[in-house]
Amino acid sequence: MNSSAPEREVLTWELNGVACRELAQLVADDGYVPDIIIGIARGGLIPAGAIAYALDCKLMLSLNVEFYTGIGETLSEPVLLPSLLESSGLHDQRVLVVDDVADSGKTLKLVDDFCEQQGRVAEVRNAVIYQKPHTITTPDYCWRTTDKWINFPWSVDPPVVTTRTNSSESNP
């Protein structure tokens with residue numbers, strides 16, 4: 001191993017299963033019963049699905065947010081991409097927003113604000129596998145805190161397709 005390479009947090013597929021199950025248990029132990037789970041695409045989709053199964057929540061939605069453009073490179077602010085989500089579907093619902101990491105916290109804040117702006121949302125909480133110490137949005141539920149770059153099993157390898165011009169990477 002290159003001694004000059006930064007130390008990384010490594011989440012394996014197996015450890016991801018443990019993390020999602022333990023994160024779901026934190027939500028359940030808190031007595032929060034979401035009506036809807038929103039996974040933030042792309043990094044939050046896999047944890048959101050696992051957490052939805054663990055919490056027996058059948059209604060899942062996703063929101064696409066673009067923020068990371070490369071390793072350690074981001075847009076100045078996250079951008080909510082066009083969605084098919086009908087805002088009326090959130091009325092009177094308890095929402096759990098799930099993402100892989102709260103790095104800057106800007107993505108969680110954007111999605112939390114979006115949900116709140118839909119009006120009459122019963123409650124919005126969020127859950128992440130990892131949070132960074134410097135995040136501006138402290139998640140309601142977090143599995144671990146780290147200041148290292150995280151290797152997620154779903155994004156550590158490069159894409160198998162090289163023809164796309166969008167090289168966005170959602171792995172902080």
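I started with Ile 38 and looked for its bridge partner in β5, which turned out to be Val 97. This is a predicted model, so I keep that in mind. The two strands, β2 (residues 36–41) and β5 (residues 94–102), run in the parallel sense and pair over four bridges.

Next I checked which way the β2 residues point. Ile 36, Ile 38 and Ile 40 go one way, while Ile 37, Gly 39 and Ala 41 go the other, and all are buried.

Then the cores. The largest nonpolar one has 24 residues, and Ile 37 and Tyr 130 are among those with the most contacts inside it. Helix α1 (13–29) is one of the elements that supply at least two residues, and its five residues are the largest share. I also noted a second, separate core of 16 residues, which includes Val 97 and Phe 114.

Tyr 130 touches Glu 9 and Arg 144, among others. Those two form a salt bridge with each other, the closest N and O atoms being 3.8 Å apart. They sit 135 residues apart, Arg 144 in β7 and Glu 9 in β1. Is Glu 9 buried or exposed? At 14% relative accessibility, Glu 9 counts as buried, whereas Arg 144 is partly exposed at 36%.

Last entry: Asp 30 forms a salt bridge with Arg 125, with 2.8 Å between the closest N and O atoms. Asp 30 is in the loop between α1 and β2 and Arg 125 in β6, so the pair ties together parts 95 residues apart in sequence. Glu 123 joins Asp 30 and Arg 125 in one network of salt bridges that share partners.

Conventions:
Residues are numbered from 1 along each chain as its sequence is written. This is a predicted model: local features need pLDDT of at least 70, side-chain atom pairs count only at pLDDT 80 or more; totals for chains, interfaces and linings use all residues. Side-chain values use heavy atoms; hydrogens and water are left out. Buried means under 20% relative accessible area, exposed over 50%, partly exposed in between (1.4 Å probe, protein chains only). Two strands pair if DSSP finds at least two bridges between them. A nonpolar core is a set of buried Ala, Val, Leu, Ile, Met, Phe, Trp, Tyr and Cys residues joined through side-chain atoms within 4.5 Å. Contact means heavy atoms within 4.5 Å. A salt bridge is a side-chain nitrogen of Lys or Arg within 4 Å of a carboxyl oxygen of Asp or Glu. Lists of a residue's contacts leave out its neighbours within four places in sequence.
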